[in-house]
Amino acid sequence: MTDRLAELSAAGVAIWLDDLSRARLSTGGLDKLRRENHMAGVTTNPTIFAKALGEADEYDWQLRELALRGVEVEEAVRMLTTYDVRWACDVMRPSFDKSAGVDGRVSIEVDPRLAHETEKTVAEAKALWWLIDRPNLFIKIPATEAGIPAITATLAEGISVNVTLIFGLDRYSEVMEAFLAGLEQAKANGHDLSKIGSVASFFVSRVDSEVDKRLEKLGSDEAKALRGKAAIANAQLAYERYGKVFSSDRWQALADAGAHPQRPLWASTSTKNPDYRDVVYVEQLIAPGTVNTMPESVIHAFADHGETRPDTITGAYDAARKVFTDLEAVGVDMTDVIGVLEREGVEKFEASWLELLDGVRKSLESAAQGAGAPGRAAKGNAKAAAQAGGNA
């Protein structure tokens, strides 16, 4: 049988899982994906944690002990989530060591309510880095206006960063600038650049969801013909910018000091439109030095019927630019699209975080009162959290 995931990896795409739960950890499912499906990293977000805590009993013992200690709800959430991420870091450590620190990474996000507060984001990033205490950790920081300087400041402390919620090309350029500045400061601060990692998570399917909605509303044949094209074109042009930045003299000076490039990571790669091929956001975004983070369903779908063609990005720049020109011609304002997506991205994760807090609060109260089954309240709130946050 053809090992399609091996072919994808050989083409330069690191396969990461967009999911984590204690059930996946305790059953060995995560390690099995690493060993058998070429899975080389893990990403998480508030929606994933809300779903995990609401659907499994594996958290009940820890909830009970946290309740006995009288821990406040926000600290309880931190203890629950960092426990899972620390465990996942240990599971992924062989991939980390084998790749000299490039892969084998596990991401945890700062409290999304801090997305517009630079100093608090940096403080939270430092706290999570210290608490989990694993070299293959990534701290996820959103690419908001306030997040950009937080990225630089966090990297300057020698902390590895996954920049999340990137939708637009100009913001992506700001992210790469923040990365370079952060490494330059880290070097000046005496940190070993070879120990610092970073990815830039560029969201894909959500772009099509928003653009397609506008194209349907416009209703013309020209508009409808552009459905399903914006997201891939957007990501392809992002890779073009990546290539220019990481072939510059400025980057070469950092590489000579041991730095690894900040790889583009394609996030939100499950198709939301059932009319689209289920692995289209994998097949059309193959290029060296990239990461594709997928739900397990997409990993298995690609293993079953995915097609790996060498580099489906760099030869498509002109066609991608034409997609943007055509979108503008039919009346789609991509600047407005990107603004809406960034705002909604933060709001959705914040809503999931609030639902998670509420579920854990009720579970702690239940455990403290001796009502048993402390996970039930969290389970009841997880569905609402998942609906609020959506699939990353």
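**Cavities, charges and strands**

Reader: How many cavities of 30 Å³ or more are there?
Author: The model is predicted: local features need pLDDT of at least 70, side-chain atom pairs count only at pLDDT 80 or more, and totals for chains, interfaces and linings use all residues. Residues are numbered from 1 along each chain as its sequence is written, and side-chain values use heavy atoms, with hydrogens and water left out. On a 1 Å grid over the protein atoms alone, a cavity is a set of points where a 1.4 Å probe fits but cannot get out. By this rule, the count of cavities of 30 Å³ or more is 2.

Reader: What volume does the largest cavity have?
Author: Grid points are joined across faces, edges and corners, and a volume is the space filled by probe spheres set on the points. For the largest cavity, that gives about 70 Å³.

Reader: Which residues of its lining are closest to the centre of the largest cavity?
Author: Lining residues have an atom within 4 Å of a point. The largest cavity has 13 of them. Closest to its centre are Asp18, Thr43, Lys140, Phe203 and Ala267.

Reader: Which elements each supply at least two residues of that lining?
Author: Helices (H or I, at least four residues) and strands (E, at least two) are DSSP runs, numbered from the N terminus. For the lining of the largest cavity, the elements that each supply at least two residues are β5 (161-166), β6 (198-203) and β7 (263-267).

Reader: How many polar residues are in the lining of the largest cavity?
Author: Ala, Val, Leu, Ile, Met, Phe, Trp, Tyr, Cys and Pro count as nonpolar, Asp, Glu, Lys and Arg as charged, and the others, Gly among them, as polar. The lining of the largest cavity has 4 nonpolar and 2 charged residues. Its polar residues number 7.

Reader: Which element gives the most to the lining of the largest pocket?
Author: A pocket is an open set of points with protein on both sides within 12 Å along at least five of seven lines. The largest pocket has a volume of about 320 Å³ and is lined by 13 residues, with Leu169, Asp170, Phe324, Met334 and Thr335 nearest its centre. Two or more lining residues come from each of α9 (169-188), α12 (230-245), α16 (317-330) and α17 (334-368). With 4 residues, the element that gives the most is α9.

Reader: How many salt bridges does the rule count?
Author: Side chains of opposite charge can pair when their charged atoms come close. A salt bridge is a side-chain nitrogen of Lys or Arg within 4 Å of a carboxyl oxygen of Asp or Glu. The count by this rule is 30.

Reader: Is Lys140 buried or exposed?
Author: Lys140 forms a salt bridge with Glu109, with the closest N and O atoms 4.0 Å apart. Lys140 lies in strand β4 (residues 137-142) and Glu109 in strand β3 (residues 105-109), so the pair ties together parts 31 residues apart in sequence. Buried means under 20% relative accessible area, exposed over 50%, and partly exposed in between (1.4 Å probe, protein chains only). Glu109 is at 6%, and Lys140, at 5%, is buried.

Reader: What separates Lys322 and Asp326 in helix α16?
Author: Their side chains meet in a salt bridge (2.8 Å, N to O). Lys322 is exposed at 51% relative accessible area, whereas Asp326 is partly exposed at 24%. Lys322 and Asp326 are 4 residues apart, so their separation is about one helical turn.

Reader: How many residues of strand β2 are buried?
Author: β2 runs parallel to β1 (residues 13-18), joined by 4 bridges, and parallel to β3, joined by 2 bridges. Strands pair if DSSP finds at least two bridges between them. Strand β2 (residues 39-43) is largely enclosed by the rest of the structure, because its buried residues number 5 of the 5.

Reader: What distance separates the C-alpha atoms of Ile299 and Leu5?
Author: Ile299 is found in helix α15 (residues 296-305) and is buried at 0% relative accessibility. Ile299 and Leu5 are 294 residues apart along the chain. Their C-alpha atoms are separated by 8.0 Å.
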